[in-house]
Amino acid sequence: MNQREVNIREVGLRDGLQMVSTMLSSEQKLAWCARLVEAGVTDIEVTSFVPPKVVPQFADAAEVATGALAIDGLHAAALVPNLKGAQRAFEVGMRRVHYVLSASNAHNLKNVRRSTDESVEDFVRIAAARDELGHEVMLGAGVATAFGCTIAGEVEESIVLGLVQRLIEAGAQEITIADTVGYANPAQVRNLMLEVLALAGPVPVACHFHDTRGLGLANVMAAFDAGVRAFDASLGGLGGCPFAPNATGNINTEDTVFMLEAQGIATGIDIGRLLAIRETVAGWLPGEPFTGAIARAGLPATFVQREAVAA
Ligand code: COA
Ligand code: ZN
């Protein structure tokens, strides 16, 4: 049995659904999770603890989180934008919590209505709240707009690296570097990720790319070459950012798995099953744009799927 060499973390239920107007039921979301686990996806961001009035799709966050925690083999994570969100996630017993702030102060103000510095301070409080819990929680921190911003333009590497340093010092157990608005190119990714990996040392580092300008998969390879071994992706490429106009979705899970597996890099994920889940989810979300070259063209006859591995 192959070792999983790269961990593809599904964010379709969170990043994907936050822009979708069709409300899915909690049962549908949980069925989506359970089938992903059967396909070999073990890390899923299942929901986001934001106020229901900000993202009505996540009004059932507690229910989905609780249901997801009961799915065997699933490492369910939830996104939280502030301390209140983290407290809600801790209360239902989440074992993985992903916090996010933006390197661009202007984007952070729009997204969570506070400065980036205030969001770092909020993270310090979240880490303290985690330390007081009776159960273990893996608390990750993401730096969004790390490669540029639709509002502020250029984002300097030193700003991103400074935030990574502060988040790790505050207790982040994993760092995700995100190209929220799809500005990154492979050379930029390679440079920044080499620096982030050197700075993070033993703290695991993941990347989160959007395919807004068609460079999502090229950026995955650049980050892989730099040493990154965990990537967020979204089934059917669903997703977007409310403050990044025309942002298409995340990199497409099926295509990402195909690209890696075709090169002999094991993901543990079965593409055929992913495509079947995609059909089901697309049926639930009429009118939503689903991307994907493999869904359109099929796998090449020469493709050899590596054996799916358990978590
Ligand atoms: N979950 C539920 N309720 C929350 C909450 C959360 N995470 N955070 C705040 N609230 C509630 C507060 O309790 C308060 O309720 P009250 O009016 O009954 O007292 C109310 O919302 C306002 O709280 P405040 O702290 O002033 O929040 P805000 O209005 O400044 O909004 C965020 C801040 C972070 C909650 C909001 O901007 C947000 O949800 N942003 C995330 C957007 C997003 O999902 N982006 C994409 C992914 S990164
Ligand atoms: Zn995103």
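This is a predicted model: local features need pLDDT of at least 70, side-chain atom pairs count only at pLDDT 80 or more; totals for chains, interfaces and linings use all residues.

Which atoms do the donating? They are OD of Asp15, NE2 of His208 and NE2 of His210, at 2.0 to 2.1 Å from the zinc ion. Aspartate 15 has a relative accessible area of 3%, and histidine 208 has one of 6%. The cut-off for buried is under 20%, so both residues count as buried.

Threonine 176 belongs to strand 6, residues 174-179. Is threonine 176 buried or exposed? Its relative accessible area is 11%, so threonine 176 is buried. Leaving out residues up to four places away in sequence, threonine 176 touches His208, along with Arg9, Ala141, Gly142, Val143, Ala206, Cys207 and Asp232. With arginine 9 there is also a side-chain to side-chain polar contact of 3.0 Å.

Val143 comes up again in the core. The largest nonpolar core has 94 residues, and the members that touch the most others are Trp32, Val143, Ile177, Met193 and Phe231. As a reminder, nonpolar side chains tend to be buried together in soluble globular proteins. Take tryptophan 32 as the example. Setting aside neighbours within four places in sequence, tryptophan 32 is in contact with Gly12, Leu13, Leu17 and Leu24, and also with Leu235, Leu238, Ile277, Val281 and Trp284.

That leaves ligand 1. How many residues surround ligand 1? There are 19, and the closest are Phe49, Asn82, Arg88, Asn111 and Arg113. Two helices, helix 4 (83-91) and helix 5 (105-112), each supply at least two residues of this shell. Helix 4 gives the most, with three residues.

Now the polar pairs that involve nitrogen atoms of ligand 1. For arginine 88, an N or O atom of the side chain is 2.8 Å from a ligand nitrogen. For glycine 85, a polar backbone atom is 3.2 Å from a ligand nitrogen. For asparagine 111, a polar side-chain atom lies 2.8 Å from a ligand nitrogen. Taken alone, ligand 1 exposes 940 Å², and the protein buries 66% of that.

Technical notes: Residues are numbered from 1 along each chain as its sequence is written. Chains are lettered from A and ligands numbered from 1 in the order in which they are written. Side-chain values use heavy atoms; hydrogens and water are left out. Donors are N, O and S atoms within 2.8 Å of the metal (3.2 Å for Na, K and Ca); water is not among the atoms, so sites may look incomplete. Buried means under 20% relative accessible area, exposed over 50%, partly exposed in between (1.4 Å probe, protein chains only). Helices (H or I, at least four residues) and strands (E, at least two) are DSSP runs, numbered from the N terminus. A polar contact is a pair of N or O atoms within 3.5 Å; within protein, one must be able to donate a hydrogen and the other to accept it, and residues adjacent in sequence count only if both atoms are side-chain atoms. Contact means heavy atoms within 4.5 Å. A nonpolar core is a set of buried Ala, Val, Leu, Ile, Met, Phe, Trp, Tyr and Cys residues joined through side-chain atoms within 4.5 Å. A residue is near a molecule or strand if one of its heavy atoms lies within 4 Å of it. Accessible areas come from the Shrake-Rupley method with a 1.4 Å probe; for residues, only the protein chains shown count as cover.
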